[in-house]
Amino acid sequence: TMFGTLRAPGEPALIAGHRGDRSTAPENTIAALTAALAGPMVFVETDVRLTSDGVPVLIHDETVDRTTNGTGRVDEMTFAELRSLDAGSWFSSVHSGEHIPSLEEFLDLLAESRKKAMIELKGVWSPEAVSLVDSLLAESGMRSRVVLASFEPETLAAAQSHAPSVERAILGREMLTDPVAEVSAVGAIALITNAKVLAANPGLVDSLHDVGLGVLIYTLNEEQSWAEALAMGVDGIITDTPSSLDGWLADT
Ligand code: G3P
Ligand code: CA
């Protein structure tokens with residue numbers, strides 16, 4: 001039996017590059033995503049938001065302030081406005097000229113690789129907006145290589161009804177009241193949670209594994225935290241430093 005469709009018992013844990021490989025390039029840009037997709041890990045994690053004119057784009061924050069040379073809310077800017085921003089110079093002058101990728105652009109990049117993507121839908125998504133994502137996944141042939149993730153129950157419900165053939169995962173910052181029931185209720189394959197929740201709930205991984213569900217942990221960048229996570233039996237680790245984690249796993 002598999003833990004979700006993520007990993008069979010005994011197989012090594014998965015590694016996911018958080019926002020691409022944000023240790024070497026500006027997060028969620030083509031440069032960071034290309035770096036992550038070129039590495040040995042199976043998954044790349046990224047964040048998606050909608051522009052004011054309804055285009056799904058890759059950006060973590062609600063505003064463009066931290067990761068571009070502009071200011072303002074993503075959902076109050078058109079795709080053309082976002083596209084004119086420099087999303088690389090804040091990280092390094094080498095990366096000036098990087099822009100905010102559209103989801104479509106990322107899916108084309110993913111299609112050229114053999115990797116999978118953990119796509120986090122940030123905030124609350126309507127069924128119509130999730131349908132748009134599902135169409136983009138279908139057109140790019142990427143439905144089977146993507147797991148949609150969200151912290152928001154409404155977004156997960158919209159994904160279940162409007163992107164039913166795409167796998168999904170629940171993100172949880174706090175312990176869920178009844179993790180098995182809540183993950184199962186939205187037909188998710190896994191819970192993605194943090195070290196605090198896992199440390200405070202020693203039986204959590206086993207209780208999800210017992211019913212065939214997976215557990216991933218975010219965001220771990222230190223060797224000791226990787227060792228602790230693996231000892232807890234997680235199926236995968238989301239990290240800002242995917243090549244370091246891969247090297248450490250190879251040496252362990
Ligand atoms: O997907 C796991 C993790 O990325 C959630 O936190 O804030 O980095 O999107 P955040
Ligand atoms: Ca994320």
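Reader: In which helix is the place of Pro153?

Author: Pro153 belongs to helix α5; helices (H or I, at least four residues) and strands (E, at least two) are DSSP runs, numbered from the N terminus. This is a predicted model, in which local features need pLDDT of at least 70 and side-chain atom pairs count only at pLDDT 80 or more, while totals for chains, interfaces and linings use all residues. Residues are numbered from 1 along each chain as its sequence is written, and chains are lettered from A and ligands numbered from 1 in the order in which they are written.

Reader: Why does Pro153 count as partly exposed?

Author: Pro153 has 13 C-beta neighbours inside 10 Å. A residue is buried if 20 or more other C-beta atoms, placed from the backbone, lie within 10 Å of its own, exposed if 12 or fewer, and partly exposed in between. The value 13 lies in between, so Pro153 is partly exposed.

Reader: Which residues in helix α5 are buried?

Author: Thr155, Leu156, Ala158 and Ala159 are buried in α5, which covers residues 153-162.

Reader: Why are the buried residues of α5 said to line one face of the helix?

Author: Viewed down the axis of α5, its buried residues fall within an arc of 160°, so they line one face. The arc is taken from the directions from the helix axis to the C-beta atoms. These buried residues pack against β4 (116-121), α4 (127-140), β5 (146-150) and β6 (167-172), where contact means C-beta atoms, placed from the backbone, within 7 Å.

Reader: What makes β5 largely enclosed by the rest of the structure?

Author: Five of the five residues of β5 are buried, so the strand is largely enclosed. Val146, Leu148 and Ser150 point one way, and Val147 and Ala149 the other.

Reader: Why is the β-α-β crossover from β5 through α5 to β6 called right-handed?

Author: A crossover is right-handed if, with the strands pointing away from the viewer, the path from the first strand over the helix to the second runs clockwise. The path from β5 through α5 to β6 is right-handed, so it runs clockwise in that view.

Key: Contact = placed C-beta atoms within 7 Å.
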